Structure formats: structure tokens, C-alpha cells
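Thank you all for making the time this morning.

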Amino acid sequence: PSQIRDAATAGGPEISIPNMTTVQRVSNRISAVGVGLRIDHDPGNAMNEAIVSASADIAYYLSMRYTDLDTLSENGWVQSVCTCRAIMYLCMWRLNAVPPSLLLEWQAYEDKLIDVQTGKGNIPGLPVGTSRDRTPILVHVTNTLLGPRGLAVTGPNGLPVGGYGGSLNGW
């Protein structure tokens, strides 16, 4: 797993992000020759960096709604998304262009990741219990208007203005 410290939480705890794909999955996808053509000078480091970077990207999109990153890393769809992203990083390792077909695949995945991030979609195959919904809710909110001396202002019906049932009618 990689250790990431978010710049926004500098000084806070490090977040452990599990690798969401494997060397084998990446190699199976583009073949050992394809990997070798892209990272011939430092294959061990490049592959690891690509997987760690891709895993961090996927965690960026999903960690606000899904708390268990280990469960995410075991999900087949998440692994496919992360593999695609890791291959993109391998392609860019020596400033090479990413193939257009891979960019199209990533764009489709990214659209779905954004849907998950914004609550419009869910990760296929993951039970609802592994997610957290951070949608704010309001529970019996009242707002009492205070006058110049800090006293509650009441309307003609005797209820506080701005409070539950309050009204500005007649003022």
C-alpha cells in the first residue's frame, strides 16, 4: 500500500491507500512487451509508481463515499478502472503520448467516477453498507429573529418571527 499525505491535511495522519490493481493485471492488459517498450530503463520503479499513482487517483474519486479502501481494491470494476489509469501513467512515464483508445476508455471511466463521487451512481458489485452518504440533512431547524436588544421578535400570533410557524404578515 502507498502512504499519501494530502496537502489539505498537512500535519494530519497519513492515509494508507491499498494498491487497486496489480502488476499482473497491467501486464495482462498491454502485454509484457508493451510494458517493456514504455519502461525499459527502470521497470520495477515505473510499474510501482504507476500503480501507486493510479490507486491514489481512484481513491480521490471514491473515498468520500466509500470508507473501506481495502474492499474497493478487491472490486473488479475498481481494479479495471485502476488498471486503465496505471497504463496511462506507464505511457506517460517517458513523456510519450497516451493512445487515443486508452484516453476514450479513461474518459468513460472518469465520467462514472464523477457520478459515484457526486452521489449519482454507485460502484457495481459493492453493497450499500460499504459506502457513506455525506448528504447534509436538516432536522427541525428554527431561526429566531432577534431584535436590537437581543430579544426574540414575535409576530402578531405570538410566535417568534422566523421560527416554526412564525410570520412577517402584519409587520
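I will start with the chain as a whole, then turn to a salt bridge, and end with one of the helices.

Please keep in mind that what you see is a predicted model. The secondary structure comes to five helices and two strands, and if you read along the sequence, the pattern is β-β-α-α-α-α-α. Of the 171 residues in the chain, 33% count as buried, while the chain exposes about 10,500 Å², with carbon and sulfur atoms supplying 57% of that area. Among the contacts between residues at least 6 apart in sequence, 61% join residues that are at least 24 apart.

How many salt bridges does a search of the whole structure find? The search finds one, and it is formed by arginine 85 with aspartate 57, whose closest N and O atoms are 2.9 Å apart. This pair links distant parts of the chain, since arginine 85 sits in helix 4 and aspartate 57 in helix 2, 28 residues apart. Both arginine 85 and aspartate 57 are buried.

Let me now turn to helix 5, residues 100-117, where 18 residues at 1.5 Å each should span 26 Å, and the end C-alpha atoms are 25 Å apart, which agrees. The buried residues of helix 5 are Leu102, Trp106, Tyr109, Glu110, Leu113 and Val116. They cover an arc of only 110 degrees around the axis, so they lie on the same side of helix 5. On the other side of this helix, Pro100, Ser101 and Leu104 are exposed. Just after helix 5, glycine 119 takes a positive phi of about 85 degrees.

Definitions and conventions:
Residues numbered from 1 in each chain as written. Predicted model: local features only at pLDDT ≥ 70, side-chain atom pairs only at ≥ 80, totals over all residues. Heavy atoms only, no water. Helix = DSSP H or I, 4+ residues; strand = E, 2+ residues; numbered from the N terminus. Expected span 1.5 Å × (residues − 1). Buried < 20%, exposed > 50% of the residue type's maximum accessible area, 1.4 Å probe, protein only. Arc of directions from axis to C-beta. Salt bridge = Lys/Arg side-chain N within 4 Å of Asp/Glu carboxyl O. Contact = heavy atoms within 4.5 Å. Areas by Shrake-Rupley, 256 points an atom, 1.4 Å probe, with all protein chains shown as cover.
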